[in-house]
Amino acid sequence: MKSRSQDQSLSDSRELDRSYDPLTGSEIDESERSIVRYRPEGLDRLVQKTNFNKKELQILYRGFKNECPSGAVNEETFKGIYAQFFPLGDSNMYAHFLFEAFDTHNNGAVNFEDFVVSLSIILRGSITDKLNWAFNLYDLNKDGCITREEMTNIMHSIYDMMGKYTYPCMKDDTPKDHVDSFFQKMDKNNDGVVTIEEFLETCQKDENIMQSMHMFDNVI
C-alpha cells in the first residue's frame with residue numbers, strides 16, 4: 001500500500017512534467033500536452049480563492065478548456081467567443097473592455113484563474129465586491145475614477161453590441177442620455193469624474209441597482 005507522501009510525490013512529479021491536470025485529476029495525453037501552455041492551480045487553492053466548490057470548478061474548467069485548449073485565451077479569441085452571444089450587433093469594443101477587466105495581470109491573456117476569480121465575484125461576490133468589479137470595468141485607464149469620456153465609450157460599446165434591432169429601438173442619442181443620467185446621479189461634487197466612493201455610495205442607495213446585483217446569484 002502506498003503512503004500519502006508517496007501519492008503526493010507522484011502527483012507533484014506528474015504536474016512538473018505537465019502530464020497531470022490538477023483540476024480534473026486526470027492524465028493528459030501526449031497530443032493534448034503539446035498544445036497546453038498553461039497549467040491551472042489545484043482545486044483546493046481555487047476553492048479558497050473563489051466562492052465555487054470543487055464540483056462547480058471542475059464543470060467550469062471543462063467548459064473553459066473546451067474553448068481554450070491552450071489553457072489561456074487572447075483578446076481576439078475572447079472577442080470571437082463573445083460575439084457568438086450578440087449576432088445582431090457589434091460586440092467588439094465591449095468585449096475589449098471586458099477582456100481588460102478579466103486580464104488582471106495585464107499580460108494580454110486570460111487564464112482559467114483570471115476567468116473563474118472574476119466570475120466568482122460577478123455571480124457569488126458580496127455587493128461591495130460586485131460594485132468594485134463593475135467600477136474597474138468602467139474605469140478604462142484604471143486611474144481610480146470614471147470620466148465622462150470613459151463612460152461614453154462604455155455606453156457606445158453597449159449600444160453597438162445590442163444592435164439596431166432591439167425593442168424598443170434605441171435612438172442615436174441614447175448613449176449620451178445614459179451618460180448624462182449617470183453623472184447627474186453619481187458625481188456628487190460635480191467635479192466631472194466619479195470616484196469609487198461616490199460610485200459605491202450612490203449604488204448602495206439605489207434599490208434598482210441593488211436588485212440587479214442579485215440577478216445572477218443562482219446561475220450556477
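Reader: Before the core itself, what is a nonpolar core?
Author: A nonpolar core is a set of buried Ala, Val, Leu, Ile, Met, Phe, Trp, Tyr and Cys residues joined through side-chain atoms within 4.5 Å. Buried means under 20% relative accessible area, exposed over 50%, and partly exposed in between, with a 1.4 Å probe and protein chains only. The model is predicted: local features need pLDDT of at least 70, side-chain atom pairs count only at pLDDT 80 or more, and totals for chains, interfaces and linings use all residues. Residues are numbered from 1 along each chain as its sequence is written, and side-chain values use heavy atoms, with hydrogens and water left out.

Reader: Which residues touch the most other members of the largest nonpolar core?
Author: They are Leu98, Leu131, Met151, Phe182 and Phe199, out of 46 residues in that core. Helix 6 (residues 92-102) supplies the largest share, 7 residues; helices here are DSSP runs (H or I, at least four residues), numbered from the N terminus.

Reader: And Phe182, what is it in contact with?
Author: Leaving aside neighbours within four places in sequence, Phe182 is in contact (heavy atoms within 4.5 Å) with Ile146, Met151, Asp187, Val194 and Phe199.

Reader: How do helix 10 and helix 11 cross?
Author: The axes of helix 10 (residues 174-186) and helix 11 (residues 196-204) come within 9 Å and cross at roughly 95 degrees. Axes are lines fitted to C-alpha atoms, for helices over the stretch in contact, with angles from 0 to 180 degrees between N-to-C directions. Helix 10 is therefore roughly perpendicular to helix 11, a label for angles of 65 to 115 degrees. Phe182, Lys185 and Met186 of helix 10 make the contact with Glu198, Phe199, Thr202 and Cys203 of helix 11.

Reader: Changing topic, how many aromatic pairs are there?
Author: The whole structure holds 16 aromatic pairs. Rings of Phe, Tyr and Trp (its six-membered ring) pair if their centres lie within 6.5 Å; planes under 30 degrees apart count as stacked, over 60 as edge-to-face and the rest as tilted. Phe78 and Phe99 form an edge-to-face pair, 5.5 Å centre to centre with 65 degrees between the planes. Phe78 lies in helix 5 (residues 75-83) and Phe99 in helix 6, so the pair ties together parts that are 21 residues apart in sequence.

Reader: Are Phe78 and Phe99 buried or exposed?
Author: Both Phe78 and Phe99 are buried.

Reader: What about Phe102 and Phe115?
Author: Phe102 and Phe115 form a stacked pair, 6.2 Å centre to centre with 20 degrees between the planes. Phe102 counts as buried at 6% relative accessibility, while Phe115, at 23%, counts as partly exposed.

Definitions and conventions. Helices (H or I, at least four residues) and strands (E, at least two) are DSSP runs, numbered from the N terminus. Angles under 35 degrees count as roughly parallel, over 145 as roughly antiparallel, 65 to 115 as roughly perpendicular and the rest as oblique.
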